[in-house]
Amino acid sequence: MNQHVSWAEAGAAEASGGDVVRIVDLKRRFGGTAAVDGISLSVRKGEILGIIGRSGAGKSTLIRCLNGLERPGEGQIFVEGREITGLGERDLQPLRRRIGMIFQHFNLLSAKTVEENVALPLKIEGRPKAERLARAAELLELVGLADKAKAYPAALSGGQKQRVGIARALAARPALLLSDEATSALDPETTRSILSLLKDINQRLGLTILLITHEMEVIRTVADRVAVIDAGKIVEEGLVWSVFADPRTDVTRSLLAGIRPQLPEALAARLGQAGREAILRVDVAGEAARRPLLQELATAIPGRFRLVHGGIDHIQGEPVGTLFVGVQTTDGRVAEIIDFLNARDARVEVLGHVSDDV
Amino acid sequence: MSQTMFDLLLRSLWETVVMTGASGLISLVFGLPLGLALVATDRGGIAEQLWLNRILGGIVNGFRSVPFIILLVALIPLTRLIVGTSIGTWAAIVPLSIAATPYYARIAEVSLREVDRGLIEAVRAMGGGRWAIVREVLVPEALPGIVAGFTVTLVTLVGASAMAGAIGAGGLGDLAIRYGYQRFETSVMVAVVAVLIVLVCGIQWIGDRLMARLDRRA
């Protein structure tokens, strides 16, 4: 019966474009609080899906449900088409070999060499020693640590430890890699190198990656799609560039605050109800960001305006920009300018007015 | 010191070494699994069984709270059953082992408990079962502490074996009491204490060296 259901589900997964993971209305409570409160989500084959949220949003619980380290209260999880929420510990073990996992604190075994750490998943699987060591050597080559095979983890830097963690997670040739805040304990430069390694593995091996983080920079650098999670629910989901261009919720906006242009504080403090200059926030993305928008504006409308702050960023190859524009109110053209910009797919918001030049 | 005294000292040293070594080995063989069981069956452990944990904990506490000299006497029937006699070096090994096993189990438990839970989670995440966790994580990661704890247990056993002289077990303690104390032969007392100091320092030195060699953390 179970077998029958899982084959049917495998067929369904195939039909939906080969989702590696499909989560349906997942719930997990701890005491009185719901850590995961009705999440439905799919991870498509070959993509990097980023899940972002503040600490305590439930992302750690969610990712741990996927390999059964955490048991959900309600809902279903399909991994490669197979429902796993009903599986016992023993049945979860072969499943976990299909899912690699890397951790914030690396979790390398200090009593084992780098090579033994990488080979451990294969040892647990019962593979012969020669095969284990050959695979470990191959993976250490891949992550650029071939010369550290005989070293102990204590002799490695944080970035090197995470590379070993990645090699270890790949040892059993998983279908899915889970990354639990894998770069949160690393400095920005090391973070970049680890992220580019993940991207490289994703592209070269076609490995599906699900990563959770609280840093938008991580999402921006590697993810294809992003899901924003808050209080156990997904509040926003979509392609990374489109979520960056047009965040719909306050949570997303506040998570984006660090890496998207913001109105300089000195200026923000002086904004008032009225004044000689209106400060507009103009968000552009895709087509609107490719066209010579400001030049068109200057040609079409004679009112004076100036660029106060902002810029155009490229995310997944798509231009995403935020410009802060000051428009002279004395010209009486503010409404006209807003209409002009809106007509060209730019989103305009009047932030306020300043009375003298900044 | 006369030649006979010297021979006696050597024989007593040998008896102490045999008592300490044998009961130490037995406490390792039974105490380590017992320590593992205490950690594994506790709340959040890899084989959580709270009722079993309480029973094991109760037994360990029970044995540890009985003064050794009383245990020595109370266990005479058991000793006779196992060894066939209740007198002598081999007979002393029974109560020594029974006292040292729960003692060592508690020390091993502390080391095993200190193993980072993240490491256990990592091995579970790669599909490892309980046995893999014990073999690949708990024991190897706690090994420096397990060795250090064994050293402490051996040193404690050297002291306890002196008490075993009370049931005619021989050993250095017995020699010190009979000759040094009861016959006022101060030179024997001094010689015994000196030998004990060297013995204890030797055990500690070997233990420390072994621990340093096994410790790969930082």
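Guide: Two residues count as in contact here if their C-beta atoms, placed from the backbone, lie within 7 Å. Keep in mind that this is a predicted model.

Visitor: Okay, how many residues of chain B are in contact with chain A?
Guide: Let's go by that C-beta cut-off of 7 Å. On the chain A side, 19 residues take part. On the chain B side, the number is 19.

Visitor: Which elements give two or more residues to the side of chain B that touches chain A?
Guide: By type, that side divides into nine nonpolar, four polar and six charged residues. The elements of chain B that give two or more residues to it are α6 (117-125) and α7 (130-163).

Visitor: Which residues touch the most other members of the largest nonpolar core?
Guide: That core holds 151 residues. It draws at least three residues from each of domain 1 (2-98 + 174-256) and domain 2 (265-354) of chain A. Touching the most other members are V21(A), V118(A), A167(A), L210(A) and L96(B).

Visitor: What is V118(A) in contact with, leaving aside its neighbours within four places in sequence?
Guide: V118(A) is among the core residues that touch the most other members. With those sequence neighbours set aside, its contacts are A136(A), L139(A), L140(A), V164(A), A167(A), R168(A) and A171(A).

Visitor: Which are the edge strands of the open four-stranded sheet in chain A?
Guide: The order is β2-β1-β4-β5, with antiparallel pairing.

Technical notes
Residues numbered from 1 in each chain as written. Chains lettered and ligands numbered in written order. Predicted model: local features only at pLDDT ≥ 70, side-chain atom pairs only at ≥ 80, totals over all residues. Nonpolar A, V, L, I, M, F, W, Y, C, P; charged D, E, K, R; others polar. Core = buried A, V, L, I, M, F, W, Y, C linked by C-beta atoms within 7 Å. Buried ≥ 20, exposed ≤ 12 C-beta atoms within 10 Å, placed from the backbone. Domains from an automatic or database assignment. Pairing = 2+ DSSP bridges.
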